[in-house]
Amino acid sequence: MIVNHSLEPFYTKDSKVLILGSMPSVTSRKLGFYYAHPQNRFWKTLQAVYQEKIGSSKEEKIAFLKKHQIALFDVLKSCDISNSSDASIQNPVCNDLLPILQKSKIKTIFTTGKKAETLYKKYIYPSTKIKAIPLPSTSPLYCPKGVDEKLKEAYEQIRKFTG
């Protein structure tokens, strides 16, 4: 099934890092914000990294992202995908990141999960010339036991580049 990315990129002119997933999950598209599935470990991991409670509302998440100069978006603009399975992605069409990079202070890009990393390298890196730092997926499919130390350690890299 062809899915079009329905979320606006989140960034401000002060954003310093961009975290890219592959494509928003069914739940994220339905709820209208990134990493919205309650079992996804993204927000819990950032809480652990920054030792700061984020809250569950979209507004609280946005406040956290602004405070720490973090931007969120996805590699794909559209693709054929079954449910939220990165493994099923076919016919990818990528987002153009250059407008976001031009309107912000982003100099560092992270990708979450192998599929985002692979797609970024193949389709987007040639235009941005910014090497992405790969992070493990926080999806409940790949991270079923909460925020473990290995996941937290990987995401600690983000702090080096943010306020």
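Which residue forms a salt bridge with Glu156? The partner is Lys152, and the closest N and O atoms of the two are 3.4 Å apart. A salt bridge here is a side-chain nitrogen of Lys or Arg within 4 Å of a carboxyl oxygen of Asp or Glu.

## Basis of the model

This is a predicted model, in which local features need pLDDT of at least 70 and side-chain atom pairs count only at pLDDT 80 or more, while totals for chains, interfaces and linings use all residues. Residues are numbered from 1 along each chain as its sequence is written, and side-chain values use heavy atoms, with hydrogens and water left out.

## The three-stranded sheet

Strands β1, β4 and β5 form an open sheet in the order β1-β4-β5, with antiparallel pairing. Its edge strands are β1 and β5, each of which pairs on one side only. From one strand to the next, the twist averages 15°; axes are lines fitted to C-alpha atoms, for helices over the stretch in contact, and angles run from 0 to 180 degrees between N-to-C directions. Strands (E, at least two residues) and helices (H or I, at least four) are DSSP runs, numbered from the N terminus. Two strands pair if DSSP finds at least two bridges between them.

Strand β1 covers residues 2-4 and pairs with β4 over three bridges. Ile2 has Asp80 as its bridge partner in β4, and Asn4 stands opposite Ser78 in β4. Three bridges also join β4 to β5, which covers residues 90-94. Here Asp80 stands opposite Gln90. Strand β4 (residues 76-80) is largely enclosed by the rest of the structure, because four of its five residues are buried. Buried means under 20% relative accessible area, exposed means over 50%, and partly exposed lies in between (1.4 Å probe, protein chains only).

## A buried leucine

Leu46 lies in helix α2, which spans residues 42-50. Its relative accessibility is 0%, so Leu46 counts as buried.

Which residues does Leu46 contact, leaving aside its neighbours within four places in sequence? They are Ile54, Phe64, Tyr155 and Ile158, where contact means heavy atoms within 4.5 Å. Leu46 and Ile158 are 112 residues apart in sequence, but 9.2 Å apart in space, C-alpha to C-alpha.

## Salt bridges

The structure holds six salt bridges. One of them joins Lys105 to Asp14, with the closest N and O atoms 3.4 Å apart. This pair links distant parts of the chain, 91 residues apart: Lys105 is in the loop between α4 (98-102) and β6 (108-112), and Asp14 is in the loop between β1 and β2 (17-21). Lys105 has a relative accessible area of 45%, so it is partly exposed. Asp14 is also partly exposed, at 29%.

Another salt bridge pairs Lys121 with Glu117, again with the closest N and O atoms 3.4 Å apart. Both residues lie in helix α5 (residues 114-128), four residues apart, or about one turn of the helix. Is each of these residues buried or exposed? Lys121 is exposed, with a relative accessible area of 53%, whereas Glu117 counts as buried at 13%.

In the pair that opened this report, Glu156 counts as partly exposed, at 27% relative accessibility. Elsewhere, salt bridges that share partners join Lys13, Asp14 and Lys105 into one network.
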